[in-house]
Amino acid sequence: MAPASNSISSQRVAVIGAGAAGLVAARELRREGHTAVVFDREKQVGGLWVYTPKAESDPLSLDPTRHVVHSSVYESLRTNLPRECMGFRDFPFVPRGDDVSRDPRRYPSHREVLAYLQDFAREFKIEEMVRFETEVVRVEPINGKWRVLSRNSGGLSEDEIFDAVVVCSGHYAEPSVAQIPGVESWPGKQIHSHNYRLPDPFEDEVVVVIGNFASGADISRDISKVAKEVHIATKSSPDTYEKLSGDKNNLWKHSQIDIAREDGTIVFQNGKVVHADTIVHCTGYKYYFPFLDTNGYMSVDDNRVEPLYKHIFPPAFAPGLSFIGLPAMGLQFYMFEVQSKWVSAVLSGRVTLPSVDKMMEDMMLSYETLEALGIPKRYTHKLGKSQCEYLDWIADECGFSHVEHWRDQEVVRGYKRLVDQPETFRDEWDDDDLMEEAYEDFSTQNL
Ligand code: FAD
């Protein structure tokens, strides 16, 4: 652990976002003695888990002037990991209360996740720290502090100075769209999963879904219930062609798209040709911080946010500026909690960071390691199997506990099930042993 300082200081901190990351960041900052002001554009806590039937006016979300709808949640969404491993360390995501509106399933619907986050906010009195319907429009460094410009729904602007800013704005609102040769003259419709809500508009259509991980696998099956045919384009080998089981026997898996043609057809690398009505891009998202002005110090290049030490601190601005939640996939809420504990402890001076040079050196080394492993730059923030090592390293820095065995293994086995049995993984599992271990652990916490 880094040496502790004797002088503990209390900072005034702006937190951008009241999703899972912002909520736990606010709690940890307050626990550490800081004053946090949380800004959120929306009317309530929960971030992307606040479902709305509304989608953006531009179905591919390419128009920079569009009104941004934050949530990417679709009506049928259930969690893609078991609830036990999704929760915060000291506030497990277990079925709570007898309310019939709650969803006790192990892989509950998005509404249950929102209810959990609302419970968390209530339990730790976070809402009193939040300025709802207030968008942060600009953040910039000024004389060692941070200038934060915000605007509320009434159009009222505020210009304030904070000691530090913690960015918790999420990274599932700026879609990444697949580049398809010939698509400019292809006559069909296109939509990104960010704007997908219900299958109804695809009734009797032939639909091509690009991507076959969590959202792609779900959405293709959702649409196949009403569509004529659904064809999934995947990154698997060029000769991939497989009929998948589905409710209506109308689902195929292909290789990537080769070309989209003017006559409405889509040609896959496996040589198959379909006449499609719609392409659904389940192709992920880009990191995007339109409010941040660091005078060119920070950038997002090929989806790498840089420079960042341990995916959190831009060295020259540390610890005044930090990012919670950038590493995608795997343990999310738990990671937000651990990262928030570290940021809070560093801000108070209880824990110190290495010098700017050492942080840059560490970052460069991590980039070199990725390169040596042949991992593309755009996957910089995908930690994969190294996530637990990363979390335990941070935990050691700030005196927190390591990831529990059951939590780590639920993710490993959960993702394997998701890939191996995309239709049934939420209702059929073989890791009761891990679930029992988790509940045993929760019971020792007197919750
Ligand atoms: P968000 O929840 O996106 O919250 C960010 C908040 O910041 C929002 O409330 C937004 O309004 C606010 N904001 C943004 N910009 C501004 C601004 N300029 N001013 C003011 N406010 C602003 N993870 C799991 O663990 N399990 C799952 O099953 C799972 N399923 C998922 C399914 C989908 C479709 C997606 C897209 C993601 C899923 N995830 C899942 C990952 C998800 O990212 C995390 O669970 C988590 O909820 C993200 O929390 P966050 O706080 O980082 O971001």
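**Ligand shell**

Around the ligand there are 31 residues, of which G17, G19, A21, G47 and G170 come nearest; a residue is near a molecule if its C-beta atom, placed from the backbone, lies within 6 Å of it. This is a predicted model, in which local features need pLDDT of at least 70, side-chain atom pairs count only at pLDDT 80 or more, and totals for chains, interfaces and linings use all residues. Residues are numbered from 1 along each chain as its sequence is written.

- At least two residues of the shell come from each of α1 (20-31) and β4 (134-142); helices (H or I, at least four residues) and strands (E, at least two) are DSSP runs, numbered from the N terminus.
- The most is given by α1, with three residues.
- The shell comprises 14 nonpolar, 13 polar and four charged residues; Ala, Val, Leu, Ile, Met, Phe, Trp, Tyr, Cys and Pro count as nonpolar, Asp, Glu, Lys and Arg as charged, and the others, Gly among them, as polar.

**Cis peptide bonds**

- Most peptide bonds are trans.
- The bond from E306 to P307 is cis, with omega near -10°, and P307 lies in the loop between β18 (304-306) and β19 (321-323).
- The bond from A318 to P319 is also cis, with omega near -5°, and P319 lies in the loop between β18 and β19.

**Positive phi**

- Most residues other than glycine have a negative phi.
- K125, in the loop between α3 (110-123) and β3 (130-131), has a positive phi near 50°.
- D302, in the loop between β17 (299-301) and β18, has a positive phi of about 50°.
- K125 counts as exposed because it has 11 C-beta neighbours inside 10 Å; exposed means that 12 or fewer other C-beta atoms, placed from the backbone, lie within 10 Å of a residue's own.
- D302 is exposed, with 11 other C-beta atoms within 10 Å.

How values were computed:
A residue is buried if 20 or more other C-beta atoms lie within 10 Å of its own, exposed if 12 or fewer, and partly exposed in between; C-beta atoms are placed from the backbone.
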